[in-house]
Amino acid sequence: MALATSPVALAFQTQQVVRRRRLRRPPVWLHPRQIERSYARAFQLKTEEFIRQVKEVLLPALPAISAEADSELGLTRTDAWPDRVDKLLTTLRIGAAARATDVKALAIDVGQKTSRWNNKEWQKTLRKTVGVGLLSSEPGLSARLGLFATTDEKWFIGMQEAELNKLNGIIERGFSTGARHETVAKEIEASLGKTPQRARLTARDQVSKLNGRLTQMRQEDAGVSMYVWRDSDDTRVRTSHAAMDGKLCRWDDASVYSDDGGKTWKARSGIGGVELHPGQDILCRCFAEPYIQELAEEPASAPGRRERPQSDFARTQAKMLEEDSAKARARGISLKEFYRRQQAARRRARSAKRRRPAVSFESAIGEGSY
Ligand SMILES: [Zn+2]
């Protein structure tokens, strides 16, 4: 087995040295359902707050604007009423800016929660397959979370701005053609009607996409270049996603899959498969199961295995492995035997600890430990 440089490969190979065992299938990578739901709810509430303000400011003003517009029809145009509309819209824009700031704060929080969730699933997968969790510095993480927050903030700013421009159009068009204020009011309400639903779906989708991207980032950072597509096993799975279920895929090319363990790669279009990674399609709940097997193989056999600068974790692991090998050589035993003895010593220490009588609260205080 060639010594790999990726942290997961190293952890895995160390584990393989300790005990030769069959690789367990990775567990289901759980979707951050709860985070998605509560973010969607909060996003919807902020949108409803916007709509409420729009209605509170615009609707009561319509009869007066209508009267002014009527009196101007056929007379010399003074354009006093469009100024009034402009003033109302300015008030609404000030409210909109404040709300966008709230949305950004919300998105920063949700981004961090999603990342913690995603990392928990990743650690769970590693513990069950490789045998150890993994701590790494994740240099790309803060940029990714920052992008998430600004994208959502921009979406919200754009949504409010587009709605206000649309309403401006409805009012100006309506009153310059002599429409009744009740008609204009109805048009305004209709225009705003679908917005909360749209906001909710966008928020959910954003969490899904972020979760998918974080999965990709964490797997690739660890040197995992392939994954097995797993769909969410529910009835709403799209056929183009269901077609990918169980297929081996590669992170560097979303247009191909393999059904022979990565020996040959075929076009996904041939089986009607979606040409995206899990989580990238709208509201996709599929997940990428890391193809840990590749770490046990010769590095050359993995596709797109890029040369990466060693992470701190990888360096520490490599150093530990080197030191352990030296210790084993010094004692004239194999590395495998060295780890076996180490494990046995740890087991003895653990059971000795269990046998020790429990220290009473009083005696603990007496000994000065709190
Ligand atoms: Zn999907």
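A residue is called buried if 20 or more other C-beta atoms lie within 10 Å of its own, exposed if 12 or fewer do, and partly exposed in between, with the C-beta atoms placed from the backbone. Good morning, and thank you for coming. The structure above is a predicted model, in which local features need pLDDT of at least 70, side-chain atom pairs count only at pLDDT 80 or more, and totals for chains, interfaces and linings use all residues. Residues are numbered from 1 along each chain as its sequence is written.

Let me apply the opening definition to two residues. Leu-283 counts as partly exposed because it has 14 C-beta neighbours inside 10 Å. This leucine lies in the loop between E4 and E5; helices (H or I, at least four residues) and strands (E, at least two) are DSSP runs, numbered from the N terminus. The phi angle of Leu-283 is near 55°, a positive value in a residue other than glycine. The second residue, Pro-82, is partly exposed because 18 other C-beta atoms lie within 10 Å. Pro-82 belongs to helix H4, residues 80–129. Its C-alpha atom is separated by 8.8 Å from that of Ala-69, 13 residues apart along the chain.

I turn now to the interior. A nonpolar core is a set of buried Ala, Val, Leu, Ile, Met, Phe, Trp, Tyr and Cys residues joined through C-beta atoms within 7 Å. The largest such core has 36 residues, among which Tyr-39 and Val-184 touch the most other members. Several helices, including H2 (33–58) and H7 (195–221), each supply at least two residues of this core, and H4 gives the largest share, 10 residues. Which residues does Tyr-39 contact, leaving aside its neighbours within four places in sequence? They are Val-110, Ala-203 and Val-207, where contact requires C-beta atoms, placed from the backbone, within 7 Å. A second, separate core of 25 residues includes Trp-29, Trp-122, Leu-248 and Cys-286.

Finally, the sheet. Five strands form an open sheet in the order E4-E3-E2-E1-E5, with antiparallel pairing; two strands pair if DSSP finds at least two bridges between them. The edge strands, E4 (266–267) and E5 (287–290), each pair on one side only. Strands E1 (226–230) and E2 (248–250) are antiparallel and joined over three bridges. Leu-248, already named in the second core, is the bridge partner of Val-228.

Thank you for your attention.

Terms used:
Contact = placed C-beta atoms within 7 Å.
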